[in-house]
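User: I would like to learn how side-chain contacts are read from a model. Could you take me through them one feature at a time?

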Amino acid sequence: MFRLIVSIVPNNSGSLISSAANGAGASGGTIIPGRGTASNDILSILGLGDSSKEIVYIVVEDKIENDVRAAIEDACSKKKHFGVMFTVDVNSFIKSGTKSNLTLGEKSMDSIENNSFQMINIIVNKGYAEDAMAAARKAGAGGGTVVLGRGTAKEGDEKFFGVEIVPEKEMLVILVEQSKAEAVVEAIQNLECFSKGGSGVVFCADAKRFTLLGKR
């Protein structure tokens with residue numbers, strides 16, 4: 001069984017997180033640049049204002065999860081309002097170059113209802129992340145982090161599928177309480193930019209053991 005440990009920290013701080021994790025037994029991680037969109041009223045709580053961020057993804061075996069998390073918390077312990085860290089279950093972990101089968105684990109209703117946070121991921125064409133964030137805020141979300149990316153579809157796919165191919169994408173990652181997740185997703189789905197087929201996707205995952213990093 002594997003766990004995905006996600007940390008959102010200031011720009012140029014991702015190496016601090018990955019180094020601490022590697023020292024605790026993690027084999028590596030991925031650092032993605034992003035930017036915060038949190039409003040001023042929650043900036044003092046999360047430290048996620050309109051500034052450059054780095055998102056660090058680290059996949060570890062569950063047996064070393066606690067050690068890796070402890071190492072990351074220790075590395076950030078002297079930094080005030082440094083960022084956030086949370087864990088997401090990875091039901092199947094497949095490395096490139098292998099032929100592993102993808103097997104998804106089943107979740108009981110108790111595990112879903114008792115989980116306190118949801119990670120909502122929205123992928124849209126570049127320029128629409130702010131619209132999605134505005135809709136999410138109206139539905140109860142506090143703030144999020146925007147990650148720049150690109151589409152991988154081939155030019156010929158546009159005519160074949162009848163879908164507009166826009167290479168530049170934005171991924172908006174929002175953490176919300178479980179009770180607000182459904183309303184936030186519905187608000188985003190009702191946006192005009194989501195009315196056209198192929199304009200974006202939304203998916204959610206449980207965010208467990210939500211932790212504020214740094215001293216408070």
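This is a predicted model: local features need pLDDT of at least 70, side-chain atom pairs count only at pLDDT 80 or more; totals for chains, interfaces and linings use all residues.

User: How many aromatic pairs does the rule count?

Analyst: Rings of Phe, Tyr and Trp (its six-membered ring) pair if their centres lie within 6.5 Å, and planes under 30 degrees apart count as stacked, over 60 as edge-to-face and the rest as tilted. By this rule the count is one aromatic pair. The ring centres of Phe 117 and Phe 210 lie 4.6 Å apart with their planes at 20°, so the pair is stacked. Because Phe 117 belongs to strand β5 (residues 117-125) and Phe 210 to strand β8, this pair ties together parts 93 residues apart in sequence; helices (H or I, at least four residues) and strands (E, at least two) are DSSP runs, numbered from the N terminus.

User: How many salt bridges does the structure hold?

Analyst: A salt bridge requires a side-chain nitrogen of Lys or Arg within 4 Å of a carboxyl oxygen of Asp or Glu, and the structure holds five. In one of them, the side chains of Glu 65 and Arg 3 meet with an N to O distance of 3.5 Å. That pair links distant parts of the chain, 62 residues apart, with Glu 65 in helix α3 (residues 65-76) and Arg 3 in strand β1 (residues 2-10).

User: Is Glu 65 buried or exposed?

Analyst: Glu 65 is buried, with a relative accessible area of 8%, and Arg 3 also counts as buried, at 18%. Glu 65 forms a further salt bridge with Arg 209, whose closest N and O atoms are 3.2 Å apart; here the link runs between helix α3 and strand β8 (residues 200-213), over 144 residues. Arg 209 is partly exposed, at 43%.

User: Which residue forms a salt bridge with Lys 208?

Analyst: The partner of Lys 208 is Asp 89, with the closest N and O atoms 2.8 Å apart. Since Lys 208 lies in strand β8 and Asp 89 in strand β4 (residues 83-90), the pair ties together parts that are 119 residues apart in sequence. Lys 208 is partly exposed at 27%, as is Asp 89 at 22%. Salt bridges that share partners join Arg 3, Glu 65, Asp 89, Lys 208 and Arg 209 into one network.

Key:
Residues are numbered from 1 along each chain as its sequence is written. Side-chain values use heavy atoms; hydrogens and water are left out. Buried means under 20% relative accessible area, exposed over 50%, partly exposed in between (1.4 Å probe, protein chains only).
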